[in-house]
Amino acid sequence: MSHRPPSGLAAVSAALLAMSRHLETRDVLKTIVASARELLDAEYAALGVPDDHGGFAQFVVDGVSDEQWKAIGPLPRQHGILAAMLHEAKPERLADVRKDPRFGGWPAAHPDMSDFLGLPIRDGDDIIGALFLANKRCPKPEGTCGFTAEDEELLAILAQHAAIALTNARLYERSRELTIAEERSRLAHELHDAVSQKLFSLRLTAQAAAALVDRDPARAKGELQQVAALAAEAVDELRAAVVELRPAALDEDGLVATLRTQIQVLDRAHTAEVTFGSVGVRALPAAQEEALLRVSQEALHNALRHSGAGHVDVTLTRRDGGTVLRITDDGSGFEPAATRRAGRHLGLVSMRDRADGVGGRLTVESAPGKGTTIEMEVPGG
């Protein structure tokens, strides 16, 4: 049975309706890519959303299995044909992408591609993404491209609607983030009150037990049992706080994008220059990503509030089968041993606990006048 691609106004309408049905950006991207591949009867399709650092904040593919995608490796950089879509802002229709002078090769696990059609997704004058198709399913005489001018025109229509769908999804997510932020603030106050009440009761009960130890040991034992129960309740409240206040962006965007966004905000908010770089890091288990994010936040707080640093650099890289977070500042530094003896931990205890809790390790290098480097390594990524 021969494969027949969808055609006509009904197919275009179905693709546009599918795009408008989703509000989450990731779902919109997946729908755009799947719709484009089906509509133009291509073997492969991809959509890249650029970041500000020569890479892609998001890159979605269709026609490639999850196993193939994992084997391919890190997200592509903005170079070659991909860069042409984003920077030259014009369509590209090629008989064989491999013969284009801008072609720079693929990773070993990358599927083989020949004919190619790509064009930018624009929102006014801004290029917010690029849509790529490869390997048209049709007979192709030697040296010709399976994608036609009609395909290019159809993809351009799809890209215009994709821009609208993407913009709407982003506006929805920003609106939801504001709502979530307000809800978190309310929840934080409630959790603070609940924990404070538990700790107050805990203190009073402990004082009562201390007063009864000598004259009424039996009652003192009962009060101490109550202390244990109240302590357990306080721990449960604090665990709830950790779960409820986990940043939504981490769940939705992943660690790299979340760190980049937060560091951009810090760079604007402080006189110190705050920079971020990431190379080759893949998705990690949620607990590891949260631990890395929390450690970076604690270390950044110390550097920006206490060290007097003029520059703080954060990197996230792969090393020897693991993922390494490194925060370096050129601030006043400190003597770690003296800080421990003085009981001023600068959050180092909690940072080490977070690292230990996900099977990682934390190292601190610092000296007065020499700045500080905090490094956390976790397996995987």
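Figure 1. Phe132 is buried, with a relative accessible area of 5%. The structure shown here is a predicted model. Phe116, at 7% relative accessibility, also falls under the 20% limit and counts as buried. The rings of Phe116 and Phe132 form a tilted aromatic pair, with 6.2 Å from centre to centre and 35 degrees between the planes. This pair links distant parts of the chain: Phe116 belongs to strand β4 (residues 116–123) and Phe132 to strand β5 (residues 126–136), and the two residues are 16 apart. Phe116 and Phe132 are also members of one aromatic cluster, together with Phe56, Phe59 and Trp69.

**Figure 2. The aromatic pair of Phe103 and Trp106.** Five aromatic pairs are found when the whole structure is searched. In one of them, the ring centres of Phe103 and Trp106 lie 4.7 Å apart and the planes meet at 75 degrees, so this pair is edge-to-face. Phe103 is partly exposed, at 24% relative accessibility. Trp106 has a relative accessible area of 30% and is partly exposed.

**Figure 3. Lining of the second largest pocket.** The volume of the second largest pocket is about 580 Å³. Its lining consists of 31 residues, and Phe59, Pro76, Leu82, Trp106 and His110 are the closest to the pocket centre. At least two lining residues come from each of β1 (42–50), β2 (56–62), α3 (66–72), α4 (80–88) and β5. By residue class, the lining of this pocket holds 23 nonpolar, five polar and three charged residues.

**Figure 4. An open sheet of five strands.** The strand order is β6-β7-β8-β10-β9, and the pairing is mixed. Strands of a sheet pair through backbone hydrogen bonds, in either a parallel or an antiparallel arrangement. β6 (273–279) and β9 (361–366) are the edge strands; each has a single partner strand, so one side of each is left without a neighbour in the sheet. From one strand to the next, the twist averages 10 degrees.

**Figure 5. Pairing of β7 with β8.** Strand β7 (residues 311–319) and strand β8 (residues 322–329) run antiparallel and are joined by eight bridges. Asp313 has Thr328 in β8 as its bridge partner.

Methods. Residues numbered from 1 in each chain as written. Predicted model: local features only at pLDDT ≥ 70, side-chain atom pairs only at ≥ 80, totals over all residues. Heavy atoms only, no water. Phe/Tyr/Trp six-rings, centres within 6.5 Å; stacked < 30°, edge-to-face > 60°. Buried < 20%, exposed > 50% of the residue type's maximum accessible area, 1.4 Å probe, protein only. Helix = DSSP H or I, 4+ residues; strand = E, 2+ residues; numbered from the N terminus. 1 Å grid on protein atoms, 1.4 Å probe; cavity = no way out; pocket = protein on both sides within 12 Å on 5 of 7 lines; lining within 4 Å. Points joined across faces, edges and corners; volume = space filled by probe spheres on them. Nonpolar A, V, L, I, M, F, W, Y, C, P; charged D, E, K, R; others polar. Pairing = 2+ DSSP bridges. Axes fitted to C-alpha atoms, helices over the stretch in contact; angles between N-to-C directions.
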